[in-house]
Amino acid sequence: MERRSIQTLVYEELKKNIMSLRLKPGLAMSTQEMATRLEVSRTPVREAFLHLQAEGLVEMIPQRETIVSKIDLKRAKQEKFIRECLELGVIDQFLEKRDQETIRRMSGAIQIQGQCDKARDYLGFLDADDQFHEALFDATGQQMAWAIIAQRNGHYNRLRILYIQEKTVMESSIQQHAQIVRLLEAGDRESIRRALAAHIQRLDVEQVGLAAAYPDYFDSGEGNERERRIGTL
């Protein structure tokens, strides 16, 4: 396998593990450690770290280590704002044609979420959640907008992982998705926008509680005082 493909695979594997919290916020890693674990050379790991640092998912300390970034609530709020604005922006376009195939696709994602709820499969649930929302962007030809959401949600996405582990959250999310589908079928523009905005914004209420429950996962703000420089690891 040629070098670029290995770099991509290493980047995707590291990002998946950061986003799923398998690599926990604040965890210190070395290039050699990850290279050994992934059975690759140090170069693709180093390049993946650089890419992840650009996305705000790791902090590289010259000549020492790379640390999984703690969850920054201010950044998570900005990432959520981007998602809300872009998703509300495709509603009008979707309602112009109300594609039934997309409705079926969204309904299928809800069914998968129900199965994941029973199995307490958090990662599978969030994957189906993304499929539900991505369907609107595909239907309106706005794949670039969804790509922006997917690439810039590292802090918000980790909040989602913590949030859905709270009791009844998966069940309520399924209920909200079902309501959104019903409103899309009915073409009730204003009700759809209110329901979708409320669905995306609901995590705000829980942020303080999550930070208190997982204090080691969150950025206290002290790290902002340190100068961050990219070094050779």
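Helices are DSSP runs (H or I, at least four residues), and strands are such runs of E with at least two, numbered from the N terminus. Axes are lines fitted to C-alpha atoms, for helices over the stretch in contact, and angles run from 0 to 180 degrees between N-to-C directions. The model is predicted: local features need pLDDT of at least 70, side-chain atom pairs count only at pLDDT 80 or more, and totals for chains, interfaces and linings use all residues. Residues are numbered from 1 along each chain as its sequence is written, and side-chain values use heavy atoms, with hydrogens and water left out.

**Exercise 1.** Describe the packing of helix α4 against helix α7.

*Solution.*
Step 1. The axes of α4 (residues 73-95) and α7 (residues 143-151) lie 10 Å apart, at an angle of about 165°.
Step 2. Angles under 35 degrees count as roughly parallel, over 145 as roughly antiparallel, 65 to 115 as roughly perpendicular and the rest as oblique. The two helices α4 and α7 are therefore roughly antiparallel.
Step 3. Contact means heavy atoms within 4.5 Å. Ile82, Arg83 and Leu86 of α4 meet Ala145, Trp146, Ile148 and Ile149 of α7.
Step 4. Ala, Val, Leu, Ile, Met, Phe, Trp, Tyr, Cys and Pro count as nonpolar, Asp, Glu, Lys and Arg as charged, and the others, Gly among them, as polar. The contact of α4 with α7 has six nonpolar residues, one charged and no polar.

**Exercise 2.** Describe the arrangement of α5 and α6, and classify their contact residues.

*Solution.*
Step 1. Helix α5 (residues 100-119) packs on α6 at about 170°, with the axes 8 Å apart.
Step 2. This angle makes α5 roughly antiparallel to α6.
Step 3. The contact includes Met106, Ile110 and Cys116 of α5, and Phe125, Phe132 and Leu136 of α6.
Step 4. By class, eleven residues of this contact are nonpolar, four polar and five charged.

**Exercise 3.** Identify the contact residues of α9 and α10 and their classes.

*Solution.*
Step 1. The axes of α9 (residues 169-186) and α10 (residues 189-201) come within 9 Å and cross at roughly 160°.
Step 2. Helices α9 and α10 are therefore roughly antiparallel to each other.
Step 3. Among the contact residues are Gln176, Ile180 and Leu183 of α9, with Ile192, Ala195 and His199 of α10.
Step 4. The contact of α9 with α10 divides into six nonpolar, six polar and no charged residues.
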